[in-house]
Amino acid sequence: MSIENKAAEEPVQDQTSIQNPAVAAAPEGQTTKAPMFQLEDVGKTYKQHKREVRALDGVSLSIPAGQLVAVQGPTGGGKSTLLQMLGALDRPTEGTVRLAGREISRLHDRELADIRATEVGFVFQSFNLIPTLTAQENVEMGLEPLRLKPAERGERATQALASVGLADRAGHRPGELSGGQQQRVAIARALAKQPKVLLADEPTGNLDEGTRDEIMDLFEGLWREGLTIVLVTHDSSVARRAERRLRIAGGKLTEKR
Amino acid sequence: MFARYLRRELSGRRKQTVIIAIALALAIALVIVVNALSAGVRDAQKAALASVYGVGTDITVTQAPAAPGSGTQGPRFQFNGGNDSSQGSSTSVNQSRLISGRGSATFDSTSLATVQKTSGVQAASAALSLTNVTLNGQVAQQNGTGAAPTAAPTAPSQTGESQSGTTRRGFGGNFGVDSFSVLGVDGNAGTVGPLASATVSKGRALGAQDVGQHNAVVDSSYATTANLSLGGTINVGGQNFTIVGIVSATGSDSQTASDVYIPLDVAQTLSTETGKVSTVYVQAASSDQVSTLKTDLQKALPSQTINTQADLASNVSGSLSTASGLISGLGTWLSVAVLAAAFLLAALLTLSGVSRRTREFGTLKAIGWRNGRIVRQVAGESIVQSLIGGVVGIAVGLIAVLVINMFAPTLSAGTSGGRTFGGAARQAGSAAGSAAQNGGGGFGGGGGGGFAGFGGSATHVALGAPVTPAVVLIAVGIAILGGLIAGVVGGWRAARLQPAEALRSLA
Ligand SMILES: Nc1ncnc2c1ncn2[C@@H]1O[C@H](COP(=O)(O)OP(=O)(O)OP(=O)(O)O)[C@@H](O)[C@H]1O
Ligand SMILES: [Mg+2]
């Protein structure tokens, strides 16, 4: 029907040429067993001043391990809310959410925090780095809940920074880095814990086109290494590079093919 | 990571850190200064009291003076007595009288025995306060050769020339009124009593061997003014006493100090106050028994006034009392108010700091930090901030105390109330004045005036502001408390933040 549909075609074709190692390793991997995410009839209602907002409504979704998924939709459609359910930031009002087979929709705050600490990497639109800390320290903040020995923590942070190409900027504060570099630090912070999934809400929303493509290259590289990635985006050129595209509007999820 | 994050936050958000630290520093410095000053005032009060009532005296037993009645006038001076020598038209006068009762009425010395029998009394001794008043000089003879003196006061209508001439001749005279204080002290007083706090500079103090003897001990400053020396004699109540010692009381203006001390029994006989005393000085067996001992003594001696050091403290007047009132009243309130303001400021700033960092804490939660870990971080920041304030505050407070001690203001302490010595002397003065009026019938004005300086004496105490380690500990405690309050408030706010705050796109 529209440009969107046409755009949807291309990455799927690209997809066949770029082999996802996780998918390739399917016989021994988890893909054939439990999917990374399994959502059944998930609903989320926000109550605010007696006014109810139905942010998610009957969402069922299965995301196999190693998939790169883009979520699109209008403002207020429920994209961020869906990401919160996936990332154990919040509990659904009804339905179940399973992460790698484990139900996370009825856990206590502390257990949710521990899941976020170990299994989920989060990347935000505004990077959300702590301005007073250096890049290295910001990455180490993501490892803090793991209670690693300081030496190991430092080493893993250094590695993560190197993997996003910022080895030489470890001592810089966010204010001394460009937007793209800041988002790389944020990605390093999400990756250092070696999470099962990487979730990103508008990761390129605050970046110019060139930087946006660099960040997307980075995501693609991670995906090729087997990481499951779900990213919310308004940008169809970003969505075009995803393996699978979802659309959510009025709390209802639809598959875009 | 805790320490590094904390350090980075405090140095990175320096403005907030400095404001909170300064607020607490001010409060803590104020607490230290107020505390040191009130300790100083307390010390000064103690010093003033010690000089007024004697070191080692925990309790005094006195009797409130009866309502001043006309019947209890002082002794009369008579100018027709044998020791007055008439010379032509005038009479030479030289008379000494011992006037009893320096403010407090006298009471039976059996009270001393009662006190000594009371359990909890370590030592007790009695004393009799007296004033020696001496008139000497020339008084004009009324029946002399001059004009009739009776005409003068009743004839204002006469010619001025005639009147003035008559008055000068009839009422003229040249005399002085001298007075000094005399304290009859128990020779067996030991560790308690007026002489216990005095130091003997020459000779010896009065002891058991002086009972019944005309021996006197003279205060060193009075000895200087009156030109008295060891081994000399002094006329007390018309009798000669041998000076066996010179003492100086603690504190140069000490009101414990009497000018002259004589044995109690001799004092009683001379003043015709046989078997009477005016004060019993009591030393308690232990300092924490003072108030129970007071109750017991009051029961045993219902008609006497029992005062403890604490009771006496409330009678201390003058700038010392003003300072004490100012510091314990205004100072305490001021430091409480500033402390509360500092706590409130620290809490509010921490709260607004947490609100400003909503996204930061939301992000930390989103990347897996537990609530408790974030609360600890917030509280840690507050406490360190407050401790910085505490250290600065202690430094500022100590410097302020140092400055105060450098300028050490002198406070004067008098005592108020009818029972006290200054007022007593004034009473004695007017008594002497009226006595003179009775005797002479025309020169009353001079008598009272002569005592004015005597009645107005006061103790001067330099105000120090001692700082004890306890005060510094309290200051540190306050700093930690301030930090905890701010930390709990801020931490509570941070704990309530949702991890989803990290996703809010509003910058
Ligand atoms: N904490 C909340 N309290 C109340 N309502 C909320 C809350 N979070 C989201 N909503 C509402 O839920 C609906 C979905 O919000 P959501 O943030 O998921 O939308 P979105 O698709 O991410 O929009 P955008 O593209 O603007 O980010 C909106 O109507 C929003 O107002
Ligand atoms: Mg959103």
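These legends walk through several close-up views of a predicted model.

In this predicted model, local features need pLDDT of at least 70 and side-chain atom pairs count only at pLDDT 80 or more, while totals for chains, interfaces and linings use all residues. Residues are numbered from 1 along each chain as its sequence is written, chains are lettered from A and ligands numbered from 1 in the order in which they are written, and side-chain values use heavy atoms, with hydrogens and water left out.

**View 1. The open sheet of chain A.**
Chain A has nine helices and 10 strands; helices (H or I, at least four residues) and strands (E, at least two) are DSSP runs, numbered from the N terminus. Six of the strands make up an open, mixed sheet, in the order β6-β7-β8-β3-β9-β10. Two strands pair if DSSP finds at least two bridges between them. At the edges you will find β6 (120–123) and β10 (252–256) of chain A, each pairing on one side only. On average, neighbouring strands of this sheet are turned by 20° against each other, direction ignored; axes are lines fitted to C-alpha atoms, for helices over the stretch in contact, and angles run from 0 to 180 degrees between N-to-C directions. Strand β9 (residues 244–249) of chain A runs antiparallel to β10(A), and five bridges join them. Look here for A249(A), which stands opposite K252(A) in β10(A).

**View 2. Two helices on the sheet.**
Helix α3 (residues 79–86) of chain A packs on the sheet and touches β3 (68–72), β6, β7 (197–201), β8 (228–232), β9 and β10 of chain A. Contact here means heavy atoms within 4.5 Å. The direction of α3 makes about 155° with that of β7(A). Helix α8 (residues 209–224) of chain A packs on the sheet too, touching β3, β7 and β8 of chain A, and its direction makes about 150° with that of β8(A).

**View 3. Strand β8 and its two partners.**
Which residues point one way from β8(A), and which the other? T228(A), V230(A) and V232(A) point one way, I229(A) and L231(A) the other, and all are buried. Buried means under 20% relative accessible area, exposed over 50%, and partly exposed in between (1.4 Å probe, protein chains only). β3(A) runs parallel to β8(A), joined by four bridges, and β7(A) also pairs with β8(A) in the parallel sense, over five bridges. V230(A) is a handy landmark: this residue is the bridge partner of V69(A) and also that of L199(A).

**View 4. A stacked pair of phenylalanines.**
A search of the whole structure finds three aromatic pairs over all chains. Rings of Phe, Tyr and Trp (its six-membered ring) pair if their centres lie within 6.5 Å; planes under 30 degrees apart count as stacked, over 60 as edge-to-face and the rest as tilted. F122(A) and F124(A) are a stacked pair, 5.4 Å centre to centre with 10° between the planes. Both F122(A) and F124(A) are buried.

Y5(B) lies in helix α1 (residues 2–12) of chain B and W369(B) in the loop between α11 (358–366) and α12 (371–407) of chain B, so the pair ties together parts that are 364 residues apart in sequence. Y5(B) and W369(B) are each buried.

**View 5. The surroundings of ligand 1.**
Ligand 1 is surrounded by 14 residues, the closest being G76(A), G78(A), K79(A), S80(A) and T81(A); a residue is near a molecule or strand if one of its heavy atoms lies within 4 Å of it. The surrounding residues come from chains A and B, so the site is shared between chains. An oxygen atom of the ligand is 2.8 Å from a polar backbone atom of G76(A). For K79(A), an N or O atom in the side chain is 2.7 Å from an oxygen atom of ligand 1, and for T81(A) a polar side-chain atom lies 2.5 Å from an oxygen atom of ligand 1.

**View 6. Two threonines of chain B.**
T134(B) sits in strand β5 (residues 121–140) of chain B and counts as buried at 10% relative accessibility. Among the residues that T134(B) touches are N94(B), Q95(B) and G176(B). T274(B) lies in the loop between α7 (264–270) and β12 (276–277) of chain B and, at 64% relative accessibility, counts as exposed.

Terms used. A polar contact is a pair of N or O atoms within 3.5 Å; within protein, one must be able to donate a hydrogen and the other to accept it, and residues adjacent in sequence count only if both atoms are side-chain atoms. Lists of a residue's contacts leave out its neighbours within four places in sequence.
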